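Here's a quick briefing on how this chain is put together. Have a look at the structure first, then read on for the core, the sheet and the charged pairs.

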Amino acid sequence: MLNYRVVVMPMPEASPRKAVRFGAFEVDLVSGELSKNGTRIRLQEQPFRVLAMLLERPGEMVAREDLHSKLWPGDTFVDFDHGLNTAVNKLREALGDAAANPRFVQTVARRGYRFIAPVQVNGNPAAPAADTPAPLHPEPAPPSPIDLHPELEIPIPHRGLTRGLFILIQIMYLIFYLAALLRWPEVHRIADSFLPGWGATAIVTSVLVTAGIGIPLRCYLISGVAFDHLRLGEKFQRIYPAILVIDELWAIAPFLLAEKIGFGAAFAAAAGLLYLPFSERSLIRMAYRN
């Protein structure tokens with residue numbers, strides 16, 4: 001009697017899937033795929049390998065030399081700096097990231113790169129490696145990303161600079177007003193030379209009325225910025241239409257001096273004054289963000 005014994009050979013186990021998630025992105029380090037909200041994003045091999053190395057050590061700096069040894073073996077002749085910069089730029093482009101204000105890949109100047117976003121591996125938060133030895137010399141703090149204005153999308157300058165420029169503009173207008181009031185007969189004579197009669201009277205009246213309104217207005221703005229009134233931005237937005245009208249009217253003031261400074265210089269000064277109220281608004285928005 002023959003005894004047959006069936007031997008079942010074990011099937012080779014499939015490689016476990018290692019999924020890394022950060023933000024809206026998911027990376028399969030086994031298959032080499034990058035996707036965003038389920039949609040696959042095409043990424044070349046070298047940028048993907050850079051991403052994989054950064055994700056293996058989230059929050060840590062990966063030195064440029066380590067990237068060099070992993071991406072380009074020693075017998076490979078390549079412009080390493082140019083190749084690495086190109087790979088990182090393509091990676092940032094795929095992630096919608098920016099070097100100036102990074103959300104994922106942060107540059108450590110002349111040393112390497114760091115992945116700064118929270119990372120989950122197979123659904124679990126990634127923890128730094130426990131066996132990573134502490135450096136003998138503490139790593140200096142990475143350069144902080146540029147702080148961009150949320151509305152204007154420009155680097156936020158020092159508040160003292162913006163407030164100082166705003167005060168200088170108000171002082172300039174005060175000088176205009178006082179000079180016109182002190183020499184209003186001369187203003188009437190000049191206006192009468194090219195708009196005689198009611199035209200000259202209308203110009204002089206407009207100068208006197210707007211100067212009378214403008215002096216207390218400029219004093220209020222100077223004091224508000226000087227004492228750093230925190231709600232000045234909100235109040236300025238409310239009165240900005242009146243400021244715009246007054247400033248645009250006074251933009252034609254240089255033409256009253258055309259016979260002394262020439263038409264070209266008067267035209268250039270008027271063009272600059274036409275833009276000035278918009279500069280005032282920008283300075284206030286930079287110094288007093290809502």
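In the largest nonpolar core, which has 31 residues, the members that touch the most others are Phe166, Tyr177, Leu221, Phe236, Trp250 and Ile284. A nonpolar core here is a set of buried Ala, Val, Leu, Ile, Met, Phe, Trp, Tyr and Cys residues joined through side-chain atoms within 4.5 Å. Buried means under 20% relative accessible area, exposed means over 50%, and partly exposed is in between (1.4 Å probe, protein chains only).

This is a predicted model, so local features need pLDDT of at least 70 and side-chain atom pairs count only at pLDDT 80 or more, while totals for chains, interfaces and linings use all residues. Numbering starts from 1 along each chain as its sequence is written, and side-chain values use heavy atoms, with hydrogens and water left out.

- Leu221 is in contact (heavy atoms within 4.5 Å) with Phe166, Gln170, Leu232, Phe236, Ile239 and Ile243, leaving aside neighbours within four places in sequence.
- Another core lies apart from this one; its 30 residues include Met53, Leu54, Val62 and Trp72.
- As background, nonpolar side chains in soluble globular proteins tend to be buried together.

**The chain as a whole**

- There are nine helices and nine strands, taken as DSSP runs numbered from the N terminus (helices are H or I, at least four residues; strands are E, at least two).
- Of the chain's 290 residues, 33% are buried.
- Take the contacts between residues at least 6 apart in sequence: 60% of them join residues at least 24 apart.
- The accessible surface (Shrake-Rupley method, 1.4 Å probe; for residues, only the protein chains shown count as cover) is about 18,500 Å², and 62% of that belongs to carbon and sulfur atoms.

**The sheet**

- An open sheet is formed by six strands, in the order E4-E3-E2-E1-E8-E9, with antiparallel pairing; two strands pair if DSSP finds at least two bridges between them.
- Strand E4 (39-41) and strand E9 (124-125) are the edge strands, each pairing on one side only.
- Strand E1 (residues 19-22) and strand E8 (residues 120-121) run antiparallel and are joined by two bridges; Arg21 has Gln120 in E8 as its bridge partner.
- Helix H1 (residues 45-56) lies across E1, strand E2 (25-28) and strand E3 (33-36), at about 95° to E2. That angle is between N-to-C directions, from 0 to 180 degrees, with axes as lines fitted to C-alpha atoms (for helices, over the stretch in contact).

**Salt bridges**

- The whole structure has twelve salt bridges, each being a side-chain nitrogen of Lys or Arg within 4 Å of a carboxyl oxygen of Asp or Glu.
- Arg40 and Glu33 form one of them, with their closest N and O atoms 3.7 Å apart; Arg40 is exposed at 58% relative accessible area, while Glu33 is partly exposed at 34%.
- Glu186 and Arg189 pair up at 2.6 Å, N to O. They are three residues apart in helix H5, so about one helical turn separates them. Glu186 is partly exposed at 25%, and so is Arg189 at 42%.
- Within it, Glu60 meets Arg57 at 3.6 Å, N to O, and Arg57 is partly exposed at 29%.
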